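Hi,

Here is the structure I promised to pass on.

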Amino acid sequence: MTQAAKKQGIATIIDNTWATPIFFRAHEHGCDLSLEAGTKYLGGHSDLLMGLVSANDAWWPRLRKTYDLMAMLPGAEDCFLALRGLRTMHLRLKEAEQRGLEMAHWLQARPEVLKVLHPALPECPGHEIWKRDFTGSSGLFSLVLKPEFTKAGVANMLDHMRIFAMGYSWGGFESLIIPFNCADYRTATSWQPGGLTLRIQMGLEDMDDLKTDLAAGFDRLRAVR
Ligand SMILES: Cc1ncc(COP(=O)(O)O)c(C=O)c1O
């Protein structure tokens, strides 16, 4: 895809926050610019406000000029947190990968779940692309519930979780779960998952506690039909 864009003189930009450069080498795959929300795996503790962008040789002069013109400088404390986060990022990502896979397999076996959307699972759409281009997977993935479950059931499930919190910004030490529906903003394809969808961010809590929390949540989901 990057080759096709290059032929037309189009710059390619990737949001590489999910994989980070540890699991996807964006510039080696031909991307001109690569963005990363430092708020996620770089900081790892949901307390860092920073965004990062890197460029290949062709785009670096323009990126540097834009940076100088906009004068968007991060704060000293954010730089401190980013540099500290970098030192353990590879370990946290590997842990997120292992936990994400374990939970994805556990969820696949749950009777309430229609499918798990995790690119490292062979059943997941896009798995072949992930296998070709990525060297690992992080701890953010989704699941689709069976069609018989309702929004009221999901509310009953999520309102009473003990460990999984509801929050948007992932990549930290806490596990999160939110309902989502990307039908409104997905334009390249139509979004028809087959049931209500939940996004999961794996944090660093005890795995058995997390499974117990989800299992109790599924009990509450089933209680409302
Ligand atoms: C893939 C991805 N990239 C970037 C962002 C932006 O993060 P922030 O708002 O912390 O800059 C998000 C936020 O959830 C995200 O999911």
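Let's start with N16, which touches P21, F24, A26, S34, L35 and E36, leaving out residues up to four places away in sequence; contact here means heavy atoms within 4.5 Å. You'll find N16 in the loop between β1 (13–15) and α2 (20–23). Helices (H or I, at least four residues) and strands (E, at least two) are DSSP runs, numbered from the N terminus. At 3% relative accessibility, N16 is buried; buried means under 20% relative accessible area, exposed over 50%, and partly exposed in between, with a 1.4 Å probe and protein chains only. The C-alpha atoms of N16 and A215 are 32 Å apart, and 199 residues separate the two along the chain.

Before you go further, a word on the source: this is a predicted model, where local features need pLDDT of at least 70 and side-chain atom pairs count only at pLDDT 80 or more, while totals for chains, interfaces and linings use all residues. Residues are numbered from 1 along each chain as its sequence is written, and side-chain values use heavy atoms, with hydrogens and water left out.

Now for the inside. The largest nonpolar core has 25 residues, and M103, L107, M157, I177, I200 and L214 have the most contacts inside it. (A nonpolar core is a set of buried Ala, Val, Leu, Ile, Met, Phe, Trp, Tyr and Cys residues joined through side-chain atoms within 4.5 Å.) Two or more residues each come from α4 (76–108), β4 (113–117), β5 (140–145), α6 (151–158), β7 (197–201) and α7 (207–223). Of these, α7 gives the most, with 5 residues. Take L214 as a way in: leaving aside neighbours within four places in sequence, L214 is in contact with M103, W106, L107, M157, M161, F164, I177 and I200. Another core, of 20 residues, lies apart from that one and includes W18, Y41, M50 and A120.

How do α6 and α7 sit against each other? Their axes come within 7 Å and cross at roughly 145°; the axes are lines fitted to C-alpha atoms, for helices over the stretch in contact, and angles run from 0 to 180 degrees between N-to-C directions. On the α6 side, G153, V154, N156 and M157 meet L214, G217, F218, R220, L221 and A223 in α7. By class, this contact has 6 nonpolar, 3 polar and 1 charged residues. (Ala, Val, Leu, Ile, Met, Phe, Trp, Tyr, Cys and Pro count as nonpolar, Asp, Glu, Lys and Arg as charged, and the others, Gly among them, as polar.)

Last, the charges. The whole structure has 9 salt bridges, each being a side-chain nitrogen of Lys or Arg within 4 Å of a carboxyl oxygen of Asp or Glu. One of them joins R99 to E95, with the closest N and O atoms 2.9 Å apart. These two are 4 residues apart in helix α4, so about one helical turn separates them. R99 is buried at 8% relative accessible area, whereas E95 is partly exposed at 32%.

D133 pairs with R132, again with closest N and O atoms 2.9 Å apart. Here D133 is buried at 16% and R132 is exposed at 62%. Elsewhere, shared partners link R110, E112, D219 and R222 into one salt-bridge network. Within that group, R110 and E112 form a salt bridge whose closest N and O atoms are 2.9 Å apart, and both residues are buried.

Cheers
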